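Q: Please take a close look at the strands in this model. Which of them pair with each other, and how are they placed?

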Amino acid sequence: MLDDIQVDDSVHALRPDFVVLLMTAHGLRNGPTDERTRAWLAGAADAVAHETQTAKIEAWRDAYRAFGAKPSRTRPSVDALTRRLPLPEINQVVDAYNVISVRHALPIGGEDLDRYTGPARLVRAAGDEVSEEALGTPEPGEVIWRDDVGVTCRRWNWRQVARTRITEETVNALFILERLEPMTMEELKAAGEELADLLTELAPEARITTRLLSGGK
């Protein structure tokens, strides 16, 4: 799937500084939060108060306003996550990417690849896309992630559908690391390396592949 993932030109026109680091991990071993991932979660809170983190989160609030969303009502994922400290315990793989998300003020989505139909793509919604009832139908122009079935995440990275969530049974996963300025490309790549290290610690045999994507390229 990695080579087939696309960011629509209309999204890139909205935020020309948007770059996504895509990462697939095949052969994961997941399970309930344990002492190791609990320690990771506890250590992540130390990064939250830094002023550079605030600027990166504000960039996402601006991006939401640009397509008509109110970030005080539907918060960018990393904004919502940093307000939930101590971080919630979900499962080992989700704990790992939540830690990196908070550490770098970087929205990260985790998707179960085996629950996808067709490739992921980031688009501006037409307003008639199939979505889960709990999330409602996207508004025209809203930025969404989707596959051939329908919406996988509304309002760029606000909320993911249950269909593609990473669970304790997930073996193959896609991670979506979404960058806006002022985050540098160097920090984005470093965050990806840190996430790969944590995933490899959980599953040394996991096969990890990455791809940087901007606009339709």
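A: Two strands are said to pair if DSSP finds at least two bridges between them. Strands (E, at least two residues) are DSSP runs, numbered from the N terminus. This is a predicted model, in which local features need pLDDT of at least 70, side-chain atom pairs count only at pLDDT 80 or more, and totals for chains, interfaces and linings use all residues. Residues are numbered from 1 along each chain as its sequence is written, and side-chain values use heavy atoms, with hydrogens and water left out.

An open sheet holds 5 strands in the order E1-E4-E5-E6-E7, and its pairing is mixed. Strand E1 (6-7) and strand E7 (159-160) are at the edges with a single partner strand each, so one side of each has no neighbour in the sheet. Within this sheet, strand E4 (residues 121-124) runs antiparallel to strand E5 (residues 143-146), and 4 bridges join them. Leu-122 has Trp-145 in E5 as its bridge partner.

Strand E8 (residues 172-179) pairs with other strands. Strand E2 (residues 19-26) is antiparallel to E8 over 8 bridges, with Met-23 opposite Phe-175. Strand E3 (residues 108-112) is also antiparallel to E8, over 5 bridges, and here Glu-111 stands opposite Leu-174.

Buried means under 20% relative accessible area, exposed over 50%, and partly exposed in between (1.4 Å probe, protein chains only). In E8, 8 of the 8 residues are buried, so the strand is largely enclosed by the rest of the structure. Asn-172, Leu-174, Ile-176 and Glu-178 point one way from E8, while Ala-173, Phe-175, Leu-177 and Arg-179 point the other way.
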